[in-house]
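Dear colleague,

I am passing on a structure for you to look through, and below it I have set out what was found in it.

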Amino acid sequence: MTQGKSLPDLADVRKEIDQIDQQLHQLINQRAKCAQQVAQVKVAEDGKDAVFYRPEREAQVLRAVMERNQGPLSNEEIARLFREIMSACLALERPIKVAYLGPEGTFTQQATLKHFGHSAISVPFAAIDEVFREVEAGAVDYGVVPIENSTEGVISHTLDSFMDSGLQISGEVVLRIHQHLLLGENTRPDKISTIYSHTSSLAQCRKWLDAHYPGAERVAMPSNAEAARKVKSEWHSAAIAGDMAADLYGLKRLAENIEDTPDNSTRFLIIGRETVPASGDDKTSLMISMRNLPGALHQILEPFNKHKIDLTRIESRPSRSGAWNYVFFVDFNGHIDEARVQPVLKEVGENAADMKVLGSYPQGVL
Ligand SMILES: O=C(O)C(=O)C[C@]1(C(=O)O)C=C[C@@H](O)C=C1
């Protein structure tokens, strides 16, 4: 093979990589030692109540990484690497335990890893209210639950769980959802008569299924991961699930990215027991109960408009306290500690039968 003059010598470049790796190695351990010192300070200041995971600081670190990035690695790629370094540093301070809506292989597990990195201990639970209970009981430090999908809308189970809970939202993570048609190794693609998946995944791929498998029966399963597990041993069926489930059960991807909308994504919330200080770019979630009187919704919205606070979402759910009373879930940009936000909270609070701050937390970075 002829080589251009300008090409460097392979051995030389590898030598340079070895040297850089040595420096990186040293620096990463130096950083880890700093994290240990931070932990000592936290324990000295707060003793048993010391909080090691600091979402606002993590968001600031990741934002700074992305802002100063010059490439060639993309912002997302470089932030993912720093995400894992911080995850390892936090585990050194204290290993944290995170409950997620399982089973293993779900998108919620993927979101958990994206948010906390691979050094957190993550534990699957079968239902959203179990995740809430585990965090409330102190059996785990944090929980991860889905809250809304861009195609399917809100996950009402999660909203309802907040009605009975004193937990705080400490973060959010948005995951691009790619669905694949998965087969066990003995399945013949032309013999597929049943397709299993979670109802919302079936809905997200409805047009694709109508076009490609109009005759196959669509069967709802408790989760995509369950669907993937089931088809492993069946020769006439396929599952719709994501990468984690495909890898976990060793399934073939017959068709990839079959979701009907290309920007299909799901937002997940991190729930915990502590409030989170402002990070500089935050969101707040409120739960507001209103009596069923004319103009109730207007009374909620008006103060946001008056004080120019951006509402990002509003959902209503029937209240459990009586027919035709409603609970509104409202998200807006800003932190409750910001001076510009306080008059809004005061005014909405005066109009509402009840108002609860579900949390102020950093906007999802990755
Ligand atoms: O700054 C802190 O409070 C730390 O504990 C350090 C550190 C980090 O590695 O940068 C680790 C864990 C926290 O969640 C936030 C940041």
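The residues of the shell around the ligand divide into eight nonpolar, no polar and four charged, where Ala, Val, Leu, Ile, Met, Phe, Trp, Tyr, Cys and Pro count as nonpolar, Asp, Glu, Lys and Arg as charged, and the others, Gly among them, as polar. This is a predicted model, in which local features need pLDDT of at least 70 and side-chain atom pairs count only at pLDDT 80 or more, while totals for chains, interfaces and linings use all residues. Residues are numbered from 1 along each chain as its sequence is written.

Surrounding the ligand are Ala-35, Val-38, Phe-52, Tyr-53, Arg-54, Arg-57, Glu-58, Val-61, Met-86, Cys-89, Leu-90 and Glu-93, a residue being near a molecule if its C-beta atom, placed from the backbone, lies within 6 Å of it. Two or more residues of this shell come from each of helix H1 (10–46), helix H2 (55–68) and helix H3 (75–93), helices being DSSP runs (H or I, at least four residues) numbered from the N terminus. H3 gives the most, with four residues.

H2 and H3 also pack against each other, at an angle of about 145 degrees and with their axes 9 Å apart; the axes are lines fitted to C-alpha atoms over the stretch in contact, and angles run from 0 to 180 degrees between N-to-C directions. Among the residues making this contact are Glu-58, Val-61 and Leu-62 of H2 and Phe-82, Arg-83 and Met-86 of H3, with contact meaning C-beta atoms, placed from the backbone, within 7 Å. The residues of this contact divide into eight nonpolar, one polar and two charged.

Best regards

Note on methods. Two residues are in contact if their C-beta atoms, placed from the backbone, lie within 7 Å.
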